Amino acid sequence: MTKRIFRSILLVVIPVLLAGLIIISGVMYSYLTEVQEAQMLSELSLAAAGVEQKGTDYLSAVRSKDFRLTYVSSDGTVIFDTESQVSNMDNHANREEIKEALLGGSGKSSRYSATLTEQTLYYAKKLSNGNVLRISIDRASVLSLLLGVLQPIAFIFLVAIILSVIIANRISKKIVMPLNELDLDEPMKNDAYDEISPLLSRIHRQHKQISMQEESLRRKAEEFDQITSNMQEGLILLDSKNTLMSVNSAALRIFDRFCFNPGDSFLTLDRSHELRDALAQAEKDGYCETFLSRDSKEYRVNISRIDSDDKPAGYVILLSDITDKISAERSRREFTANVSHELKTPLQSIIGYSELLSNGMAKPQDIPTFTATIYKEATRLVSLIDDIIRLSQLDEGVQMQTEDISLMPLAQDIINQLSSKASEKNVSITIEGENVDVRGQFRLLSEILFNLCDNAIKYNRQNGNVAIKIWQTDQDVCFAVSDNGIGIPKEHHSRIFERFYRVDKSHSRQSGGTGLGLSIVKHAVAFHNGKISLESVPDEGTTVTVSIPK
Amino acid sequence: MRSRFDEQLDNLFKDLIMMGSLCEEAIALAAKALSKNDSKLAAKVHPIDEEIDRMEKEIESNCLKLLLQQQPVARDLRQISAALKMITDMERIGDQAEDIAEIVSFIPKDKKNDSLLIEQMAKAAIKMVTDSVDAYVRRDPMLAQSVIDSDDTVDHYFDQVKSSLISLITENPDDGEYALDILMIAKYLERIGDHAVNIAEWVLFSITGIHKTTEEHSV
């Protein structure tokens with residue numbers, strides 16, 4: 001700004017100065033010349049008069065620094081000169097002014113010196129005796145005049161430059177100051193110059209646009225945050241140099257961190273070589289899937305490379321918890337293995353005994369025992385298959401009719417069913433509590449109570465007690481079956497509801513049962529949206545409490 | 001100029017994390033080989049140790065180059081000098097993990113390690129190494145301090161292992177060689193704990209500028 005103003009000031013000043021100089025020196029020069037010429041002419045005529053009267057004596061009396069007088073005879077020989085020795089001077093007949101004077105009475109010429117800085121003017125006049133008197137004067141040419149004023153001119157230029165610097169500074173400051181004081185946050189409220197109002201209105205428009213874009217960006221970022229922070233899966237975004245860009249809360253949880261710094265290396269989050277190798281593979285192939293175990297949980301890790309313009313721009317890492325899936329897969333595998341094993345055992349004995357019978361190898365007195373065993377095993381098989389069918393029905397979530405059921409009569413009914421079994425072990429069964437109605441599926445509810453009571457009797461000791469208690473709270477209908485039997489060690493609590501799971505493998509064989517009872521109970525309770533809880537101390541007893549919402 | 005220096009520092013940081021994670025891997029593998037008495041697993045420790053040695057040389061030369069070319073001051077200087085000290089300790093951890101693996105490969109197959117003590121000690125040592133590297137990664141002085149404090153746990157385990165081995169030898173003198181092997185392993189684990197403490201101290205130094213030794217001198 002300052003520079004520009006300075007340049008334009010200088011651009012005006014210099015030509016003006018130059019033009020002034022040229023015009024003034026031109027005018028002055030021509031005026032000087034005129035005056036000088038007039039002076040010369042009057043001097044010459046004076047001298048001519050003098051010479052006419054007194055001859056060369058007059059001339060020798062004249063001593064002037066300004067003029068040089070030369071007296072030339074009509075043939076060109078120099079008779080007298082005020083400055084030089086006559087003998088040194090050559091013939092002047094060829095000089096232009098002399099020639100003119102001889103011819104016409106007066107002559108005039110001017111010659112430049114070798115350096116051009118001086119000009120010599122000559123005037124000649126023919127006297128009455130035929131001789132010629134010449135006057136000459138040296139005078140500075142325009143050029144030397146200019147050379148003479150060079151110094152003051154340069155000084156003036158210098159002053160002009162300095163002044164223009166100062167003025168340019170002042171002006172630019174004055175122009176810029178209101179511009180600097182513009183309130184760009186609210187451009188329309190300024191009144192600096194009319195000239196910049198289009199700029200201000202444009203800034204105003206852009207302000208609006210920017211704030212709108214900011215808003216939409218912020219909203220998008222918020223949306224992204226909302227979505228990713230509520231995701232079950234861990235999501236990590238990396239740039240092409242494996243620098244963290246975004247880590248959602250689930251991922252932070254997985255890597256046991258509270259926060260992350262955007263711009264940190266991925267290594268600060270996790271430095272296991274599984275993930276490092278996976279990232280390297282994703283960089284090469286564009287995609288990689290791997291598995292990771294952290295804090296006894298299993299995760300599937302999907303890494304995808306994001307390309308933009310055929311260059312890797314970053315990576316997306318998705319971590320999904322597959323612990324449940326893996327354990328479900330494991331229990332399915334175990335279930336299949338268990339089912340085939342459980343089905344095979346009774347069949348094996350049926351085949352064995354029936355083979356003996358069909359070969360006629362059985363002694364007649366053994367036949368009743370054999371057939372009884374075959375009958376027992378076949379019944380066991382059927383009850384096992386029944387249990388499996390029921391379980392698979394519950395698994396499938398088949399819709400079943402529900403009705404209002406009174407729990408007290410149901411429990412009484414089940415006690416009657418189990419009374420013979422109880423009396424075998426001399427176990428006493430008691431019911432306490434109020435009669436409560438619950439909406440549920442009759443067969444499933446009786447299944448729950450039957451299995452719980454059956455277990456309470458089965459895993460009891462001689463002369464033990466089983467107590468059924470029924471009550472209700474504001475939200476739930478509850479019943480509990482407790483015994484003072486052998487109890488269940490703590491480490492089995494989490495697994496006894498699994499299919500075919502048995503606390504004591506050898507014991508269950510003698511006590512019978514399919515190993516599916518509690519599994520059915522669990523599913524039946526789940527069908528009623530209820531909860532089941534277990535309290536058990538080994539050698540003291542077990543209490544199973546079921547609560548079903550009203 | 002500065003940004004290039006920052007990038008170099010960043011790379012140094014990453015390299016140290018990698019080296020730390022290799023140490024964790026080596027000692028975890030050695031401990032697993034010990035608890036399963038598996039010489040195949042033990043053999044896998046050797047290549048990791050070689051990699052650790054290679055990284056030590058690389059990081060060392062990088063650090064020297066940085067010191068020479070960038071002439072760092074203040075925090076950067078601390079970071080680099082701490083790195084130079086830390087890699088020495090990490091390299092020792094790698095060596096000791098390999099030593100453990102070597103001893104494991106000589107333990108006869110039928111000798112099943114029945115004492116849980118040495119496994120717990122290995123676990124404690126691994127945790128110290130992991131925590132010291134974590135403290136460096138997160139620049140967490142509290143975690144570094146907790147590593148320094150937990151050295152006593154590993155030392156305590158060492159005493160316990162020693163006394164249990166003494167009773168093993170008195171009960172069953174034939175197991176003397178096995179007992180000595182286990183004692184050596186316990187000693188190595190104890191040393192690994194000490195190195196983890198050293199690393200943690202240097203982490204503290206790189207964060208706070210105060211190293212334990214200088215503190216002691218000044219007091």
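# Loops, helices and sheets in chat

Reader: Where does A:N529 sit?
Author: A:N529 is in the loop between α13 and β16 (531–537) of chain A. Helices and strands here are DSSP runs, H or I of at least four residues for helices and E of at least two for strands, numbered from the N terminus.

Reader: Quick check on the model and the numbering?
Author: This is a predicted model, where local features need pLDDT of at least 70 and side-chain atom pairs count only at pLDDT 80 or more, while totals for chains, interfaces and linings use all residues. Residues are numbered from 1 along each chain as its sequence is written, and chains are lettered from A and ligands numbered from 1 in the order in which they are written.

Reader: Back to A:N529, what's its phi?
Author: Phi is near 60° for A:N529, a positive value in a residue other than glycine.

Reader: And is A:N529 buried or exposed?
Author: A:N529 has 9 other C-beta atoms within 10 Å, so it counts as exposed. The cut-offs are 20 or more other C-beta atoms within 10 Å for buried, 12 or fewer for exposed and anything in between for partly exposed, with C-beta atoms placed from the backbone.

Reader: What about B:R139, where is that one?
Author: B:R139 belongs to the loop between α5 and α6 (141–149) of chain B. B:R139 isn't a glycine, yet its phi is positive, about 50°. It has 14 C-beta neighbours inside 10 Å and therefore counts as partly exposed.

Reader: Switching to helices. How do α9(A) and α13(A) pack?
Author: Helix α9 (residues 367–396) and helix α13 (residues 517–527), both of chain A, pack at an angle of about 30° with their axes 10 Å apart. Axes are lines fitted to C-alpha atoms, for helices over the stretch in contact, and angles run from 0 to 180 degrees between N-to-C directions.

Reader: Which residues of α9(A) and α13(A) meet?
Author: From α9(A), A:D387, A:R390, A:L391 and A:L394 meet A:S519, A:I520, A:H523, A:A524 and A:F527 of α13(A). Contact takes C-beta atoms, placed from the backbone, that lie within 7 Å. By class, this contact has five nonpolar, two polar and two charged residues. Nonpolar covers Ala, Val, Leu, Ile, Met, Phe, Trp, Tyr, Cys and Pro, charged covers Asp, Glu, Lys and Arg, and the others, Gly among them, are polar.

Reader: How many residues does each chain give to the A/B contact?
Author: Chain B gives eight residues and chain A gives six residues. On the side of chain B that touches chain A, α1(B) has the largest share, six residues. That side divides into three nonpolar, two polar and three charged residues.

Reader: Now strands. What's the strand order in the five-stranded sheet?
Author: The open sheet runs β2-β1-β5-β4-β3 in chain A, with antiparallel pairing. Two strands pair if DSSP finds at least two bridges between them. The edge strands, each pairing on one side only, are β2 (78–81) and β3 (106–112) of chain A. Strand β1 (residues 68–72) of chain A pairs with β2(A) over three bridges, and A:V72 has A:V78 as its bridge partner in β2(A).

Reader: What do β8(A) and β9(A) form?
Author: A hairpin, with two residues between β8(A) and β9(A), and A:D295 in the turn has a positive phi of about 50°. Strands β8 (residues 287–294) and β9 (residues 297–308) of chain A pair in the antiparallel sense over eight bridges. The bridge partner of A:C288 in β9(A) is A:I303.

Technical notes
Contact = placed C-beta atoms within 7 Å.
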